[in-house]
Amino acid sequence: MKYTFGDIVVVELGVIVKCWIHNTDVGKEFNYDVYVRKYNGIKNYKEDEIERYMVRHKYLSEEEQEYQYNAINGL
């Protein structure tokens, strides 16, 4: 799972409200319910259709930057 509840993501600029995990023949597939303000509603997207919105509202310490980098890259 690449994203979690509350992550701001770029599709139509939205916020993740739920993650769905589906087991398939080739492994797990992740879908996300995203609240999209433009539509004033929730839409479902596959993991490869969205990306994290990377604007920060503060400067991060080295430790916070490392944590965020590892979370984004699944480390």
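Which residue stands opposite Asn44 in E4? Asp33 does.

1. Basis. This is a predicted model: local features need pLDDT of at least 70, side-chain atom pairs count only at pLDDT 80 or more, and totals for chains, interfaces and linings use all residues. Residues are numbered from 1 along each chain as its sequence is written, and side-chain values use heavy atoms, with hydrogens and water left out.

2. Elements. The chain has one helix and five strands, in the order β-β-β-β-β-α from the N terminus on. Helices (H or I, at least four residues) and strands (E, at least two) are DSSP runs, numbered from the N terminus.

3. Sheet. The five strands form an open sheet with the order E4-E3-E2-E1-E5 and antiparallel pairing. Strand E4 (41-46) and strand E5 (51-52) stand at the edges with a single partner strand each, so one side of each has no neighbour in the sheet. Two strands pair if DSSP finds at least two bridges between them; strand E3 (residues 27-36) and E4 are joined in the antiparallel sense over six bridges.

4. Core. Nine residues make up the largest nonpolar core: Tyr3, Val9, Ile16, Phe30, Tyr32, Val34, Val36, Tyr45 and Ile50. E3 gives the most to this core, with four residues. A nonpolar core is a set of buried Ala, Val, Leu, Ile, Met, Phe, Trp, Tyr and Cys residues joined through side-chain atoms within 4.5 Å. Buried means under 20% relative accessible area, exposed over 50%, and partly exposed in between (1.4 Å probe, protein chains only). Buried residues make up 21% of the 75 residues in the chain.

5. Contacts of Val9. Apart from neighbours within four places in sequence, Val9 is in contact (heavy atoms within 4.5 Å) with Tyr3, Gly14, Ile16, Val34, Ile50, Glu51, Arg52 and Tyr53.

6. Surface patch. Ile8, Val10, Leu13, Val15, Val17, Tyr35, Ile42 and Tyr53 form a nonpolar patch on the surface, together with about 610 Å² of accessible area. Strand E1 (8-10) and strand E2 (14-24) are the elements that give two or more residues to the patch. Patches take residues with over 30% relative accessible area and no salt bridge, joining like charges within 9 Å and nonpolar side chains (Val, Leu, Ile, Met, Phe, Trp, Tyr) within 5 Å. A salt bridge is a side-chain nitrogen of Lys or Arg within 4 Å of a carboxyl oxygen of Asp or Glu. Accessible areas come from the Shrake-Rupley method with a 1.4 Å probe; for residues, only the protein chains shown count as cover.

7. Val15. This residue lies in strand E2. Val15 is partly exposed, at 31% relative accessible area.
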